[in-house]
Amino acid sequence: MSWKSKGFDPNPKSMVTKKLTLLLCIGCFCAGMLFSDRMWTVPEAEDKTISRAMGVKDERLKLISEGCDPIRDVKHESKDILNEVSRTHNAIQTLDKTISNLEMELAATRAVQESIINGSPISDELKIPETNGKRKYLMVVGINTAFSSRKRRDSVRATWMPQGEERKKLEEEKGIIMRFVIGHSATSGGILDRAIEAEDRKHGDFLRLEHVEGYLELSAKTKTYFATAAALWDADFYVKVDDDVHVNIATLGATLARHRTKPRVYIGCMKSGPVLAQKGVRYHEPEHWKFGEEGNKYFRHATGQLYAISRDLASYISINQHVLHKYANEDVSLGSWFIGLDVDHIDDRSLCCGTTDCEWKAQAGNVCVASFDWTCSGICKSVERMKDVHRRCGEGKNALWTEA
């Protein structure tokens with residue numbers, strides 16, 4: 001029997017066609033599967049994204065229904081952080097004030113210790129006061145004086161400085177402390193010191209400093225005064241005035257009270273005089289080269305007859321007194337200590353009236369805080385003329401006790 005009778009065609013071309021057809025079918029099938037997978041991948045990803053978004057929304061709705069809105073929680077958390085920052089800031093300010101007080105008490109303790117080591121007598125007022133319940137004063141007025149100025153002090157006592165019980169009443173009712181400020185002689189316990197001690201026993205109006213007196217040591221004395229006064233009395237202002245200047249205390253208090261809200265205040269008659277390089281002249285500046293070329297002027301500073309500083313500045317002097325540089329002139333030194341600080345320089349010309357101007361100003365109701373003669377850097381012949389200036393330029397006997 002032949003192959004043809006069985007229906008088989010042994011032709012090789014027919015066999016090749018069948019194989020090619022089979023391969024073509026398999027290829028079409030694979031291509032179809034690949035195309036099908038690609039078409040279904042994108043919708044599936046989109047479904048997952050939509051599903052995830054719906055899930056987040058459902059979860060947020062659930063949190064809101066339970067009172068846990070994440071957005072509100074963030075707002076509350078921000079408010080809590082701000083409150084915490086505010087509380088922290090207040091705590092830091094309180095801590096800074098405490099540290100400042102401790103540093104001033106340390107300065108006073110150091111002064112007492114040095115006095116004991118050196119064998120110098122300790123003033124009653126230099127003894128460290130109790131810190132608890134320490135009262136607040138308006139101002140401390142330190143009247144700079146010298147061993148040879150007994151008659152000047154008496155002229156001040158007889159005019160604008162209250163005495164005895166009236167001075168104590170001024171401290172208790174008005175918060176005004178007044179003291180003559182003086183250090184010790186080069187010979188501790190000598191005749192000069194004994195004379196001051198006897199005068200203090202009679203009047204009780206001295207503040208003794210741990211300082212050796214001398215004209216060239218005025219800058220050091222000023223620094224010691226502010227540090228000591230700040231350690232002894234908690235006041236809004238600390239004033240330095242010379243003992244040949246006339247002062248209206250009530251007017252001074254009212255003037256300073258207007259600046260109570262300012263933390264760092266430096267009040268006086270501001271000037272900017274020339275730096276004197278020539279030797280042998282009054283107010284010669286040995287360190288004139290620090291101020292530039294010859295003919296330059298000083299920075300702005302208050303004239304030395306009378307000026308006032310706020311407590312923050314007195315604290316600054318107390319804390320840094322060992323590193324503050326002293327120039328030849330005391331008023332320049334004080335001004336230099338505040339250079340670079342955020343300080344309000346208040347130029348008030350009522351603190352430096354002339355003795356010929358203060359009378360008509362007083363008559364016009366514009367009473368001067370302080371009066372002196374520029375030609376003498378104080379009242380010329382102050383011992384003889386202080387009473388006359390007080391009569392013509394004084395604010396009146398009852399001004400201190402008149403309520404504002």
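# Questions about a predicted model

Student: Does D236 count as buried or exposed, and at what relative accessibility? What decides it?

Tutor: Let's begin with the cut-off: buried means under 20% relative accessible area. D236 falls under that limit, so it counts as buried, with a relative accessibility of 18%.

Student: Which residues is D236 in contact with, leaving aside its neighbours within four places in sequence?

Tutor: Contact here means heavy atoms within 4.5 Å. With the neighbours within four places in sequence left aside, D236 is in contact with K136, Y137, L138, R260, I309, S310 and R311.

Student: How many helices and strands does the protein chain have, and what share of its residues is buried?

Tutor: The protein chain is built with eleven helices and nine strands. It has 404 residues, and the buried share of them is 39%.

Student: Of the contacts in the protein chain with a separation of 6 or more, what share comes from residues 24 or more positions apart?

Tutor: Here we look at contacts with a separation of 6 or more and ask which of them join residues 24 or more positions apart. In this protein chain that share is 76%.

Student: Which members of the largest nonpolar core touch the most other members?

Tutor: This core holds 43 residues, and the two that touch the most other members are M139 and W160. Elements giving two or more residues to the core are β1, β2, β4, α7, β6, β7 and α11. Another core, of 27 residues, lies apart from it and has Y137, V140, L207 and A302 among its members. Back in the largest nonpolar core, then, the names you want are M139 and W160.

Student: Why is α7 called largely enclosed by the rest of the structure, and which elements cover it?

Tutor: Seven of the nine residues of α7 are buried, so the helix is largely enclosed. Those buried residues are I249, A250, T251, L252, G253, T255 and L256. What covers them includes β1, β2, β4, β5, β6 and β7.

Student: How many residues of α9 are buried, and what covers them?

Tutor: Helix α9 is mostly covered, with eight of its eight residues buried. They run from E330 and D331 through V332, S333, L334, G335 and S336 to W337. Their cover includes α6, β4, β6, β7 and α8.

Student: Which element gives the most to the lining of the largest pocket?

Tutor: The largest pocket has about 1100 Å³ of space. Its lining has 38 residues, and Y215, L218, R282, Y283 and E330 lie nearest its centre. At least two lining residues come from each of α6, β4, β7 and α9. The element that gives the most, with four residues, is β7.

Student: How do the residues of that pocket's lining divide by class?

Tutor: The classes to look for are nonpolar, polar and charged. For the lining of the largest pocket, the division is 14 nonpolar, 13 polar and eleven charged.

Student: Which element supplies the largest share of the lining of the largest cavity?

Tutor: Searching the whole structure gives two cavities of 30 Å³ or more, and the largest has about 80 Å³ of space. Residues lining it include G142, I143, L218, K221, T222, Y225 and E330. β1 and α6 are the elements that give two or more residues to this lining. The largest share, four residues, comes from α6.

Student: How much space lies in the second largest cavity?

Tutor: The residues that line the second largest cavity include V275, A277, H288 and F291. By class, its lining has three nonpolar, four polar and two charged residues. The space in the second largest cavity is about 50 Å³.

Student: Where is G214, and what distance separates its C-alpha atom from that of H184?

Tutor: G214 sits in the loop between β3 and α6. With a relative accessible area of 30%, G214 is partly exposed. G214 and H184 are 30 residues apart along the chain, and their C-alpha atoms are separated by 9.6 Å.

How values were computed
Residues numbered from 1 in each chain as written. Predicted model: local features only at pLDDT ≥ 70, side-chain atom pairs only at ≥ 80, totals over all residues. Heavy atoms only, no water. 1 Å grid on protein atoms, 1.4 Å probe; cavity = no way out; pocket = protein on both sides within 12 Å on 5 of 7 lines; lining within 4 Å. Points joined across faces, edges and corners; volume = space filled by probe spheres on them. Nonpolar A, V, L, I, M, F, W, Y, C, P; charged D, E, K, R; others polar. Core = buried A, V, L, I, M, F, W, Y, C linked by side-chain atoms within 4.5 Å. Buried < 20%, exposed > 50% of the residue type's maximum accessible area, 1.4 Å probe, protein only.
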